[in-house]
Amino acid sequence: MNGEVENRTEDGRETILSVRGLTVGFGGPTVLENLDLDVYRGEILGFVGGSGTGKSVLMRTVLRLNARQAGTISIFGRDFDNLSFDDRLAVDMRVGVLFQQGALFSGLTVLENVQVPMREYLDLPKAMMDDLARLKIEMVGLRPEAAERYPAELSGGMIKRAALARALALDPDLVFLDEPTSGLDPIGAAEFDELIGRLRDTLGLTVYMVTHDLDSLHAVCDRIAVLGKKKVLVEGTLDKMLAFDDPWVQSYFRGKRSRAIFENAADGQQQR
Ligand SMILES: Nc1ncnc2c1ncn2[C@@H]1O[C@H](COP(=O)(O)OP(=O)(O)OP(=O)(O)O)[C@@H](O)[C@H]1O
């Protein structure tokens, strides 16, 4: 892309997404105010926050699906406000999204759903699109027969995988996952986490994952960001979350359920 600037932190991390001073509202009180956030290449960032704090609003604003009242957003080193039409298309092609509940088109098969972004952005012969879509379907661990099925014929876990295949259709650098493991049983959720970790390692993806799932935060996220009081309250490692002096953060990361997960994991590490 023309004019792309590489942004690196002092410790050498490349900033792939940078949000500064973001304010978003819908006519009433603001939902987000003066929010800053960075996402680094190759990481899996887990984004948490109480219900209704604005996690989806933030994700949608970064995807240019919501307007903002103030602030700047840079993606791949380019300021959103200075992108030409062609640059916008180029940015969109490098970003994949898995919306809550998968958001597959019910009248299309899995294969056709995965091909939707290809049809929108690429001009490829049908046979090539079929091959590419089947590759993505295999990549997310679905059996080849799943390609011909309709969403209503899929289990919850298969829907998430099909939606992930669609998010990967254009070989993105950055994927946004909105509660990818919600509605899955613990085994299905753990398998999905493992898949996300594997795809990050093999494809070099950067993953921005909104989640309520403490297991996911522990199992695959390199860094956690907490949304509260209209901004990113704290970001960093799990240890940093545990030490952070805020009632919501403390009850979330030190509650009964979280203690069970994190203490079991710590025991496991000590035994190894
Ligand atoms: N298009 C909109 N118009 C008006 N208000 C909106 C709109 N979208 C979101 N909101 C409001 O913004 C606030 C944050 O909503 P959002 O869906 O981002 O929360 P969330 O953190 O994703 O919650 P959850 O974890 O429950 O999904 C809510 O009060 C919601 O009603």
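A residue is called buried here if 20 or more other C-beta atoms lie within 10 Å of its own, exposed if 12 or fewer, and partly exposed in between, with C-beta atoms placed from the backbone. The model is predicted, and local features need pLDDT of at least 70, side-chain atom pairs count only at pLDDT 80 or more, and totals for chains, interfaces and linings use all residues. Residues are numbered from 1 along each chain as its sequence is written.

Let us begin with helix α9, residues 247-254, whose buried residues are V249, Y252 and F253. They sit on the same side of α9, because they cover an arc of only 85° around the axis, the arc being that of the directions from the helix axis to the C-beta atoms. On the face turned away from this buried side, α9 carries the exposed residues P247, S251 and R254. Helices (H or I, at least four residues) and strands (E, at least two) are DSSP runs, numbered from the N terminus.

Now turn to the ligand. Around the ligand you will find F26, V31, G49, S51, G52, T53, G54, K55, S56 and V57, where a residue counts as near if its C-beta atom, placed from the backbone, lies within 6 Å. Helix α1 (residues 55-62) gives the most to this shell, with 3 residues. Helix α1 is also largely enclosed by the rest of the structure, since 6 of its 8 residues are buried: K55, V57, L58, M59, T61 and V62. After α1 comes R64, with a positive phi near 65°.

N34, in strand β2 (residues 30-40), has a positive phi of about 55° although it is not a glycine. N34 is partly exposed, with 13 other C-beta atoms within 10 Å. F76 lies in the loop between β4 (70-75) and β5 (78-79), and its phi is positive too, at about 50°, although F76 is not a glycine. F76 counts as buried, with 21 C-beta neighbours inside 10 Å.

Finally, consider how helix α3 packs. The axes of α3 (residues 110-121) and α4 (residues 126-139) are 9 Å apart at an angle of about 110°; axes are lines fitted to C-alpha atoms, for helices over the stretch in contact, and angles run from 0 to 180 degrees between N-to-C directions. Helices α3 and α4 are therefore roughly perpendicular to each other. With α5 (residues 156-167), the axis of α3 comes within 7 Å and crosses at roughly 30°. That makes α3 roughly parallel to α5. Angles under 35 degrees count as roughly parallel, over 145 as roughly antiparallel, 65 to 115 as roughly perpendicular and the rest as oblique.
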